[in-house]
Each structure stands twice: as C-alpha cells, then as structure tokens.
Amino acid sequence: MPEKILIVEDELSLQETLAYNLKKEGYLVETVGDGRSALTSARALRPDLIVLDIMLPEMDGFEVARILRKEMSTAILMLTARDDEIDRVVGLEVGADDYLTKPFSMRELIARVKAQLRRARLLREEIGNSRTEDIPHQTLTFDNLVIDLTRREVILNNSPIALNPKEYELLLFLAEHRRQMLSREFILERVWGWDYIGDSRTVDVHVRWLRQKIEENSSEPKRIVTVRGGGYRFEG
Ligand code: CA
C-alpha cells in the first residue's frame with residue numbers, strides 16, 4: 001500500500017509541483033487549496049502525512065493543524081512563508097512535526113517527507129509487533145495513570161486517553177526516568193532525535209499538552225514538574 005499524502009496549498013503552481021514530485025516518489029497524493037477542504041479530505045483520506053501551508057483561504061494552516069491534531073496522529077509538515085510564523089509552528093499550540101520555510105527545494109521537501117514517514121512507519125511496526133496475543137502486557141503504573149507499553153496506550157482513571165505519538169513517547173521517556181531531572185535539550189535529543197530541526201520550546205509545548213491530559217490541574221502540575229534552571233521531572 002503506498003503511503004498517502006495530503007497536500008494543502010493554495011498556490012496552484014506550487015501545489016502541482018509538490019503533487020508531481022511526491023507522486024514520482026510513489027506516494028498516493030491528494031491536493032486541496034483551502035483550510036476547510038483540508039479538514040474534509042484529511043478525515044476521509046486518513047493520510048500518513050499532511051503537507052500544510054499556513055496562509056490559506058477559509059481557515060489558516062494553524063487552525064487546520066490544531067483541529068486535526070485532536071482527531072488523528074497524522075504527521076504534519078508545515079510550510080511557512082515568513083520567519084515570524086516559525087515561532088508559532090514550533091513554539092505554540094500548533095504541534096507540527098516539522099516545517100519548511102518557503103522557498104525550499106523539492107529535494108529538501110522529499111527528504112523531510114521521507115523522514116516523517118519513516119518515523120510513522122517505525123511506530124506502526126512497533127505497535128504491530130507488540131500485538132501478539134501471548135505476550136503479557138507490559139505496563140508502568142503510577143496510581144490512576146497506567147502506561148501500557150504493549151498497546152502503546154495510556155489509561156487515566158480506567159479510561160484510555162488520546163495522545164499523539166510524540167506525546168506518548170515523551171510521557172514514556174519521562175516515566176522511564178522517574179524522579180530524574182531531565183533538561184529540555186536532553187529530552188529533545190532522546191525523544192525527537194539528533195536530526196530534529198526544531199528547538200527546545202518544542203519540549204515545553206508537548207509538556208503543556210501532556211499536562212492538560214494527565215494532570216488533575218494542569219496549571220498546578222504534580223506529575224510533570226518544572227525544575228528551575230531548565231528541565232522537567234516526572235514524579236509519577
Ligand atoms: Ca498560501
């Protein structure tokens with residue numbers, strides 16, 4: 001099955017160039033030119049990756065990413081036209097997996113697309129391998145919070161909670177280093193990897209999301225605490 005990519009770009013010539021080049025790489029490609037169609041297509045297609053422009057008619061890329069993030073764990077590669085958008089892409093509520101600043105080369109784009117899809121594929125394989133019936137569930141339990149490593153599922157108060165793949169990896173990493181002070185840089189390197197382009201604000205954003213999902217009161221976190229001088233500690 002070829003991997004599916006949704007391209008959301010309103011500049012037609014760029015949309016066509018992107019589609020042409022990604023199809024040539026063997027991907028199944030769909031294109032749309034505005035934010036609302038992006039939501040509709042993403043829900044119908046369930047793409048493996050979305051290439052998402054920010055400045056779009058109807059609804060901008062930030063809003064599209066924010067909505068889709070809650071619904072699916074599809075990788076999002078954002079296209080930014082201005083430097084001042086980058087802060088929002090990596091540092092705020094958006095949660096793109098990666099971004100490219102226009103203008104960019106097709107070689108660069110394809111490299112980034114492949115990297116994201118490789119990551120997603122590895123994740124799926126891990127899930128697939130762990131679905132064997134006779135393997136007992138490996139879990140980490142912290143009171144009412146259970147991380148099921150076998151199913152890559154997190155259960156809070158007996159109900160599963162929806163985490164995107166990065167949130168899950170981050171939580172697992174923190175939990176495996178319980179009560180240790182972990183610097184943002186160390187977390188970034190170990191959870192996102194050496195090749196990750198973003199900066200350590202990415203860690204803060206994901207910690208904030210995790211807190212909203214697993215803390216009783218995310219403004220007074222008890223599980224993931226901030227350590228003065230630059231890091232986080234998982235208390236359990
Ligand atoms: Ca645009």
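Predicted model: local features only at pLDDT ≥ 70, side-chain atom pairs only at ≥ 80, totals over all residues.
**View 1. The three-stranded open sheet, ordered β10-β12-β11.** In this antiparallel sheet of three strands, β12 stands between β10 and β11 in the order. The edges are taken by β10 (182–183) and β11 (224–227), each of which has a single partner strand, so one side of each is left without a neighbour in the sheet. Between β10 and strand β12 (residues 231–234) the antiparallel pairing runs over two bridges, and S183 is found opposite G231 of β12. Helix α8 lies across β11 and β12, and its direction runs at about 145° to β11.

**View 2. The four-stranded open sheet, ordered β6-β7-β8-β9.** Here four strands pair in the antiparallel sense to form an open sheet, with β6 (139–142) and β9 (159–161) as the edge strands, each pairing on one side only. On average, and with direction ignored, neighbouring strands of this sheet are turned by 25° against each other. The antiparallel pairing of β6 with strand β7 (residues 145–148) extends over four bridges, and T139 stands opposite D148 in β7. Helix α6 packs on this sheet, where it touches β6, β7 and β8 (153–156), and its direction makes about 110° with that of β7.

**View 3. The packing of helix α6 against helix α8.** The axes of α6 (residues 165–176) and α8 (residues 201–214) are 10 Å apart and meet at an angle of about 85°; the two helices are therefore roughly perpendicular to each other, given that angles of 65 to 115 degrees count as such. On the α6 side the contact is made by K166, E167, L170, L171 and L174, which meet H206, V207, W209, L210, K213 and I214 of α8. Sorted by class, the residues of this contact comprise seven nonpolar, one polar and three charged.

View 4. The calcium ion has as its protein donors D10 (OD), D53 (OD) and M55 (O), which lie 2.1 to 2.3 Å from the ion. Along the chain these donors follow the spacing D-x42-D-x1-M. Of the residues in this view, D53 has a relative accessible area of 3% and is therefore buried, since the class takes in values under 20%.

How values were computed. Residues numbered from 1 in each chain as written. Heavy atoms only, no water. Axes fitted to C-alpha atoms, helices over the stretch in contact; angles between N-to-C directions. Parallel < 35°, antiparallel > 145°, perpendicular 65-115°, else oblique. Contact = heavy atoms within 4.5 Å. Nonpolar A, V, L, I, M, F, W, Y, C, P; charged D, E, K, R; others polar. Donors = N, O, S within 2.8 Å, 3.2 Å for Na, K, Ca; no water. Buried < 20%, exposed > 50% of the residue type's maximum accessible area, 1.4 Å probe, protein only. Pairing = 2+ DSSP bridges.
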